[in-house]
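Here is a set of questions and answers about how terms are applied to one structure. Look at the structure first, then read on.

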Number of protein chains: 2
Amino acid sequence: MKNILVAQSGGPTAAINATLAGVITCAYSSKNAGKVYGACNGIQGVLEERFIDLREKLTGTEELSILCQTPAAALGSCRLKLKEESQLKEIVDILHKHEISCFVYIGGNDSMDTVDQLSAYCRKHQITDISVMGAPKTIDNDLMGTDHCPGFGSAARYIAETFSELERDCHVYTTKAVTIVEVMGRNAGWLTAASALARVNGEKGPNLIYLCERAFDNEQFLADVQEQLKDNDSVVVAISEGIKDKDGRYVSEQVQSSAVDNFGHSYIAGSAKVLEELVRERIGCKVRSIELNLMQRCAAHIASDTDIQESRMLGMCACQAALEGESGKMAAVIRLSDEPYQVKFDTIPVCEAANAEKKVPEDFITEDGHDVTEKMMKYLKPLILGDRTVTFENGIAKHIILY
Amino acid sequence: MKNILVAQSGGPTAAINATLAGVITCAYSSKNAGKVYGACNGIQGVLEERFIDLREKLTGTEELSILCQTPAAALGSCRLKLKEESQLKEIVDILHKHEISCFVYIGGNDSMDTVDQLSAYCRKHQITDISVMGAPKTIDNDLMGTDHCPGFGSAARYIAETFSELERDCHVYTTKAVTIVEVMGRNAGWLTAASALARVNGEKGPNLIYLCERAFDNEQFLADVQEQLKDNDSVVVAISEGIKDKDGRYVSEQVQSSAVDNFGHSYIAGSAKVLEELVRERIGCKVRSIELNLMQRCAAHIASDTDIQESRMLGMCACQAALEGESGKMAAVIRLSDEPYQVKFDTIPVCEAANAEKKVPEDFITEDGHDVTEKMMKYLKPLILGDRTVTFENGIAKHIILY
């Protein structure tokens with residue numbers, strides 16, 4: 001019998017608990033699995049031995065299904081990046097103490113680095129009774145080695161649905177108006193690109209889409225907006241929070257140098273707010289900025305079913321591999337075809353994913369730099385599909401609270 | 001046979017199209033109804049005779065059901081407030097020209113003022129072949145004469161669901177952090193109060209709730225936050241955008257006097273942003289502000305079924321009354337009981353609703369001023385109920401586009 005430990009890390013998503021449910025499902029259905037522990041607050045909680053006995057906390061399949069619709073990390077998260085070998089030794093000692101032979105860590109780049117370090121440490125010290133597996137997660141979709149990341153599809157669906165609704169909202173007036181919507185993504189524009197999915201049922205979608213992969217030019221932006229205003233009363237613009245000028249300076253930094261508030265602090269304005277002021281000053285029409293903020297990563301009520309199902313499968317895949325003695329690997333989705341959408345699940349060396357960033361390829365962005373191409377649409381479309389039934393109680397989605 | 005004209009006005013909501021669908025449903029099912037016209041962009045479109053023949057545009061019941069899940073005003077909106085009697089005469093002439101004897105105007109306070117003026121004009125000039133009826137709409141829930149307003153329940157459900165999801169998101173870290181969420185409402189705090197509905201399934205809900213009905217005091221706010229930080233790592237605060245100090249000065253104005261951006265413009269910061277800076281300066285912990293922005297009024301995918309059904313009934317009620325010759329009235333919801341939730345629909349003199357504002361009563365707010373009472377909960381709970389089936393296509397909710 002192998003005891004299993006699972007933990008979650010990094011920024012919350014709508015799907016990270018589905019991966020947790022996948023790990024638990026695999027453990028519960030395996031005759032080789034013993035205790036199933038969850039560590040609270042990621043690797044930090046492992047170091048502090050803050051373990052929950054999941055077999056006691058989660059007993060039925062209905063609970064697992066509610067776990068899948070609970071946003072954010074039910075086991076909590078941390079931002080701890082391991083720096084010293086002594087920490088790795090400490091972790092191994094703790095795992096040995098609790099007779100844990102399978103550790104599954106669900107997270108993004110930093111968490112995969114932890115999996116990489118910990119498994120390398122075990123290899124180096126010939127510790128063969130511990131398997132360390134990673135399961136990917138990040139709404140940013142910037143992990144290498146997997147076609148896409150759990151959490152991304154749900155955030156993409158929220159973004160697409162929201163842009164579709166905002167389009168209807170902005171359409172009602174006859175006054176010329178610009179609406180600038182800021183989407184998460186400091187270095188990768190995947191989420192901003194998902195705004196184009198608002199077009200799948202024939203709506204216009206954003207008039208302009210700027211990803212952080214292309215250098216952002218204020219003058220070109222103003223010209224693009226002016227051009228759009230000729231034919232449209234309402235112009236909706238999608239921008240990545242991380243758009244930068246040709247010198248790599250964030251647009252959101254442009255305002256922080258001079259504007260100060262009542263306390264003498266620099267203003268921390270978002271990119272959209274900065275561009276809102278720019279449009280107001282230079283074009284002079286009605287303009288508004290919107291930040292999708294935390295909602296885009298935690299709106300589990302509109303999660304993508306494809307995303308939730310795949311996230312769960314990846315958790316099962318990682319746990320299964322750990323039970324079979326694989327270590328230093330990450331569960332990944334391999335896309336076989338776009339239409340019909342087909343994938344398979346596999347494990348890849350975690351070092352391929354750790355500390356790397358997958359950006360949007362050049363040919364997924366149009367030449368003029370303010371839209372996405374058909375290639376991007378083909379890539380994105382399947383990820384938001386699937387009819388999903390959410391269980392509501394008193395009008396609000398039910399959630400599982402583990403601690 | 002009576003020809004019917006319907007128009008929509010004011011800010012978009014997730015339910016105003018359900019009321020439109022109600023008017024159309026009533027017209028289609030009545031043997032006395034002739035042509036059914038929709039005017040684009042409210043009373044502005046009436047003056048410009050921009051009419052759509054709805055019998056041509058919307059033929060089946062499935063289309064009407066998709067119309068009910070389409071956010072914002074499918075016929076467009078306007079902000080025109082009638083000022084001169086000559087405009088009223090002009091409208092009457094246009095209605096006569098098109099042989100329209102029933103005019104249903106769906107909107108908020110200003111639109112009910114239009115209904116009031118127009119019907120008074122008809123009475124004064126003994127024009128007996130035109131009936132003018134109002135159907136209420138406003139997410140702000142501040143219309144007098146009706147227990148609650150179409151659009152409010154859906155916005156309330158979005159807000160409750162979002163606070164519930166944000167609570168999970170903010171719960172994952174162990175660092176002390178404050179999240180300040182700004183909810184719409186300049187003069188009435190109903191929407192902000194709806195954040196408390198995040199508690200209906202046992203979650204904590206916002207730690208602090210400040211409505212614009214009570215004078216806001218920065219020092220008391222800081223003391224309240226400090227108190228909450230003693231027992232909680234994550235403190236979530238709900239505030240109305242329109243919170244004001246004891247002298248009636250908006251909190252959002254506090255920063256605009258001194259801070260200027262690169263263009264020398266005053267900063268138009270929201271209340272939440274101002275309080276975020278205040279917490280950063282005076283408490284020094286991690287702090288973030290979130291504006292629910294337009295999403296709270298157009299997130300039709302999470303609309304309240306109670307709201308959508310009632311909104312439709314109000315449209316039917318207004319149209320039916322117009323067909324029967326009633327004029328100068330507004331369809332209204334009268335609550336009969338909270339538990340079980342029972343209502344009836346009636347018409348009230350529109351002058352009772354026009355140009356008045358229904359604020360949150362004193363005893364719906366706790367004495368300490370930073371939460372809502374059980375009375376408020378009883379009032380709110382039924383408004384977000386009902387399992388609602390939304391029709392999705394390609395992962396995105398289907399919408400009807402009329403023009």
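Q: What makes β6 (residues 177-183) of chain A and β9(A) a pair of strands?
A: They pair in the parallel sense over 6 bridges. Two strands pair if DSSP finds at least two bridges between them, so β6(A) and β9(A) count as a pair. One of the bridges joins A177(A) to its partner K286(A) in β9(A). Strands and helices here are DSSP runs, numbered from the N terminus (E, at least two residues, for strands; H or I, at least four, for helices).

Q: What kind of model is this, and how are residues and chains labelled?
A: This is a predicted model, in which local features need pLDDT of at least 70 and side-chain atom pairs count only at pLDDT 80 or more, while totals for chains, interfaces and linings use all residues. Residues are numbered from 1 along each chain as its sequence is written, and chains are lettered from A and ligands numbered from 1 in the order in which they are written.

Q: Why is α1(B) called oblique to α12(B)?
A: Helix α1 (residues 16-29) and helix α12 (residues 305-323) of chain B pack at an angle of about 45 degrees, with their axes 7 Å apart. That angle makes α1(B) oblique to α12(B), because angles under 35 degrees count as roughly parallel, over 145 as roughly antiparallel, 65 to 115 as roughly perpendicular and the rest as oblique.

Q: What is the handedness of the crossing of α1(B) and α12(B)?
A: α1(B) passes α12(B) in a right-handed crossing. The term applies if the near helix is turned clockwise from the far one by less than a right angle, and left-handed if anticlockwise.

Q: Which residues of α1(B) and α12(B) meet, and how do they divide by class?
A: Among them are A18(B), L20(B) and V23(B) in α1(B), and I308(B), M313(B) and L314(B) in α12(B). Residues are in contact if their C-beta atoms, placed from the backbone, lie within 7 Å. The contact divides into 12 nonpolar, 6 polar and 1 charged. Ala, Val, Leu, Ile, Met, Phe, Trp, Tyr, Cys and Pro count as nonpolar, Asp, Glu, Lys and Arg as charged, and the others, Gly among them, as polar.

Q: How many residues of each chain take part in the contact between chains A and B?
A: Chain B gives 60 residues and chain A gives 61. On the side of chain B, the largest share, 9 residues, comes from α7(B). That side divides into 28 nonpolar, 19 polar and 13 charged residues.

Q: What makes the peptide bond from E339(A) to P340(A) cis?
A: Its omega is near 0 degrees. P340(A) is found in the loop between β10 (329-337) and β11 (342-349) of chain A. A cis peptide bond also joins E339(B) and P340(B), with omega about 0 degrees.

How values were computed:
Contact = placed C-beta atoms within 7 Å. Axes fitted to C-alpha atoms, helices over the stretch in contact; angles between N-to-C directions.
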